[in-house]
Amino acid sequence: MTQSERIELADEYLLHVYNRFPVVFERGEGVYLYDTDGRAYLDFGSGIGVMAFGYGDREFSDAVKKQVDTLLHTSNLYYTVPLADAAKAVCDVTGMDKVFFTNSGAEAIEGALKTAKKYGYLRDGHAGHEIIAMGQSFHGRTMGALSVTGNEHYREPFYPLVDGVKFAKFNDLGSAEKLINERTIAVITEPLQGEGGIHPATEEFLSGLRKLCDAHDMLLIFDEIQCGMGRTGKMFAYEHYNVTPDVITTAKALGLGLPVGAFAVTEKVAGRSLMPGDHGTTYGGNPLVLAAVCTSIRMMRERRITDHVKRTAPYLEETLDGFVKRYDFVLKRRGMGFMQGLELDASVAAGTVVAAALKN
């Protein structure tokens, strides 16, 4: 079957919610993907930040294969061998005290929002609390995650969404402070916005949010689904700012290709929020994905992934800065570590550049 035939077959049966590129990938090796015609593509997308060690890493593959042959699933009614190790590893690496495993990043956001709502319910003895989110943000496409996503294009077709969400301007502390009232229970932000255009937070902004949350007994939630797990030169982007959240979400490179996410909380939050029966999942944190989590975190530590990013990111930054100097339509570079973006003049569509890169 040719690539065109495979694409035609897929389009006949798939719900059209993605405008996929006209290529059919068959395998991956190192930093390259190969289509069904054997053509190699240098992968700059890494599965939207998932494949932190590239493709075909033997250590990771062996660990996952071993778990497949041992135990795939039991549900969360029981303990499993990888459960404690994975929980400790995530808490150690995030700096949090308790963790809940999910199937995706969007579900991690849902859990973080429920944690904040329950925290408010126990704090005040009633429901009806509000959350402050940021403009330009992206937290996912489920209804709760969409409710705190600051892009009207994504939100508009699905109203009414979850009530009680107000949007502040990213990196504008005053705009967030103006939205606080007695019902406000949490502030959610990405330390480094991804979908919104690769915008790093300022230190003043994040430290100011921390002080506001402390002053009003609110939770500070950091969404590190895309910018976490070593991508910026620290295991989590918040470590660049010396500001610790109350709740953190992670996914993507956490499972190196297996569908797993997590939200983790401090001891204070754990003792004043979700209780047995408040939250759950059938598949989340099953033995297979937890074996992947244990392996991915171990590999990142043993191979010193953050040192690698710090050592090699300057080359990427210098090269991208060269594009800014060389081409009038490339306006600026933004980012941290390996999470970088170029802002283009409106005369050149980013999709045109991507299509040309794919062709090349």
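Which residue forms a salt bridge with Asp 57? In this predicted model, where local features need pLDDT of at least 70, side-chain atom pairs count only at pLDDT 80 or more, and totals for chains, interfaces and linings use all residues, the partner is Arg 303. The closest N and O atoms of the two residues are 2.7 Å apart. A salt bridge is defined here as a side-chain nitrogen of Lys or Arg within 4 Å of a carboxyl oxygen of Asp or Glu. Residues are numbered from 1 along each chain as its sequence is written, and side-chain values use heavy atoms, with hydrogens and water left out.

The pair of Arg 303 and Asp 57 links distant parts of the chain, 246 residues apart. Arg 303 lies in the loop between α11 and α12 (305-326). Asp 57 lies in the loop between α2 (46-49) and α3. Helices (H or I, at least four residues) and strands (E, at least two) are DSSP runs, numbered from the N terminus. Asp 57 has 16% relative accessibility and counts as buried. Arg 303, at 37%, counts as partly exposed. The classes are buried (under 20% relative accessible area), exposed (over 50%) and partly exposed (in between), with a 1.4 Å probe and protein chains only.

A salt bridge also joins the side chains of Arg 298 and Glu 59, at 3.5 Å from N to O. It connects helix α11, which holds Arg 298, with helix α3, which holds Glu 59. Arg 298 is partly exposed at 35% relative accessibility. Glu 59 is partly exposed as well, at 28%. Salt bridges that share partners join Asp 57, Glu 59, Arg 298 and Arg 303 into one network. The whole structure contains 19 salt bridges. Among them is the pair of Glu 182 and Arg 183, with the closest N and O atoms 3.3 Å apart. Glu 182 is exposed, with a relative accessible area of 59%. Arg 183 is partly exposed at 32%.

Helix α11 itself spans residues 287-302. Its 16 residues reach 22 Å from the first C-alpha to the last. This is close to the expected 22 Å, where the expected span is 1.5 Å times one less than the number of residues. Of the 16 residues, 13 are buried, so α11 is largely enclosed by the rest of the structure. At the start of the helix, a side-chain oxygen of Asn 286 comes to within 3.1 Å of the backbone nitrogen of Leu 288. Just after the helix, Arg 304 adopts a positive phi of about 55°.

The disulfide count is zero, a disulfide being a pair of cysteine sulfur atoms within 2.5 Å. Cys 91 is in no disulfide, and the nearest cysteine sulfur, in Cys 294, is 12 Å away. For Cys 294, the distance of 12 Å to the sulfur of Cys 91 is too far for a bond. Cys 91 is buried at 10% relative accessibility. Cys 294 is buried at 17%.

Several loops show backbone features. In the loop between α3 and α4, Ser 75 has a positive phi near 85° and is not a glycine. Ser 75 is partly exposed at 21% relative accessibility. Leu 72 lies in the loop between α3 (58-68) and α4 (81-94). Leu 72 is partly exposed, with a relative accessible area of 43%. The C-alpha atoms of Leu 72 and Val 353 are separated by 42 Å, and the two residues are 281 apart along the chain. Lys 252 also has a positive phi, of about 45°, without being a glycine. Lys 252 sits in the loop between β11 (247-250) and β12 (261-265). Its relative accessible area is 22%, which is partly exposed. A cis peptide bond joins Tyr 159 and Pro 160, with omega about 0°. Pro 160 is in the loop between α7 (152-155) and β6 (165-168).

Leu 42 lies in strand β3 (residues 40-42). Leu 42 is partly exposed, with a relative accessible area of 48%.

Notes. A polar contact is a pair of N or O atoms within 3.5 Å; within protein, one must be able to donate a hydrogen and the other to accept it, and residues adjacent in sequence count only if both atoms are side-chain atoms.
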